Amino acid sequence: MTKKQRAELVQTELEKLYPEVPIPLAHTDPYTLMVAVALSAQTTDKKVNEVTPNLFKVAGTPEKMAKLEVAEIKELIKEIGLSNTKAKNLKRMAELLLERHNGIVPQTYEELEALPGVGHKTASVVMSQGFGFPAFPVDTHIHRLMTQWKLTSGKNVVETEKDAKNIFHEDVWNKLHLQIIFYGREYSPARGKGDKDFITKMLFEK
């Protein structure tokens, strides 16, 4: 099976499994999405979704977030890993949005990645799910599965993202990256045995 055939099989099977894919992080606008994604680093989406409702009640806009002390933000997100660093980032992120962008989330990678706590993956999620631009955010699930399916030989998420964009048409990027994440969690968890990972079996069965 060629790489192109493997990619087509993966896309077909994921579309059968997940014809609709909700964004796993609860949010109401690009700002709350960016905050939720920034909080999700080294933390489960489930935990982020447990914490953000109270956070957004108090600080659902850059204006409100900027007015809080770092200690107050940390108290609101204390159940999340790296809460101290993330609290500092959220406050400074809000301040810079006000200073540089009139409190509006910018729509370029360069401006997004200049904000504290916003790396390329977070910026990609905001661009794709917040604004609808074609993007292929790569997390550890996607990197692992793309490697497993021999769709990339990338040594890191940057190389894997480049390969994914070359293999799959940009019309499907925004949906496909979520489909792969959902598949990884349900059928091929990193710490599981992968017994349910039928796509890998289909690709490489003798």
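Entry 1. I note at the outset that the model is predicted. Glu50 and Lys46 stand 4 residues apart in helix α3, so about one helical turn separates them. An α-helix has 3.6 residues a turn, so residues three or four places apart point the same way. I then checked accessibility: Glu50 is partly exposed at 42%, whereas Lys46 is exposed at 60%.

Entry 2. I examined Glu50 again and found a salt bridge between its side chain and that of Lys47, at 3.0 Å from N to O. Glu50 and Lys47 are both in helix α3, 3 residues apart, or about one turn of the helix. Lys47 is partly exposed, with a relative accessibility of 24%. I recorded that a network of salt bridges links Lys46, Lys47, Glu50 and Glu79.

Entry 3. Asp45 is buried, at 13% relative accessible area, while Arg185 is partly exposed, at 37%.

Entry 4. I turned to the course of helix α3, which spans residues 45-59. The helix bends by about 35° at Thr52, and a proline, Pro53, follows within four residues. I listed the buried residues of α3 as Asp45, Val48, Val51, Thr52, Leu55, Phe56 and Ala59. I then asked which elements cover these buried residues of α3. The cover includes α2 (30-39), α4 (62-67), α5 (70-76), α6 (83-101) and α11.

Entry 5. I followed helix α11 (residues 170-187) to helix α9 (residues 140-148). The axes of α9 and α11 come within 9 Å and cross at roughly 85°. An angle from 65 to 115 degrees counts as roughly perpendicular, so α9 is roughly perpendicular to α11. On the α9 side, the contact is made by His141, Ile142, Arg144 and Leu145. On the α11 side, His177, Ile180, Ile181, Tyr183, Gly184 and Arg185 take part. I sorted the residues of this contact into 5 nonpolar, 3 polar and 2 charged.

Key:
Residues are numbered from 1 along each chain as its sequence is written. This is a predicted model: local features need pLDDT of at least 70, side-chain atom pairs count only at pLDDT 80 or more; totals for chains, interfaces and linings use all residues. Side-chain values use heavy atoms; hydrogens and water are left out. Axes are lines fitted to C-alpha atoms, for helices over the stretch in contact, and angles run from 0 to 180 degrees between N-to-C directions. Helices (H or I, at least four residues) and strands (E, at least two) are DSSP runs, numbered from the N terminus. Angles under 35 degrees count as roughly parallel, over 145 as roughly antiparallel, 65 to 115 as roughly perpendicular and the rest as oblique. Contact means heavy atoms within 4.5 Å. Ala, Val, Leu, Ile, Met, Phe, Trp, Tyr, Cys and Pro count as nonpolar, Asp, Glu, Lys and Arg as charged, and the others, Gly among them, as polar. The bend at a residue is the angle between axes fitted to the seven residues ending there and the seven starting there. Buried means under 20% relative accessible area, exposed over 50%, partly exposed in between (1.4 Å probe, protein chains only). A salt bridge is a side-chain nitrogen of Lys or Arg within 4 Å of a carboxyl oxygen of Asp or Glu.
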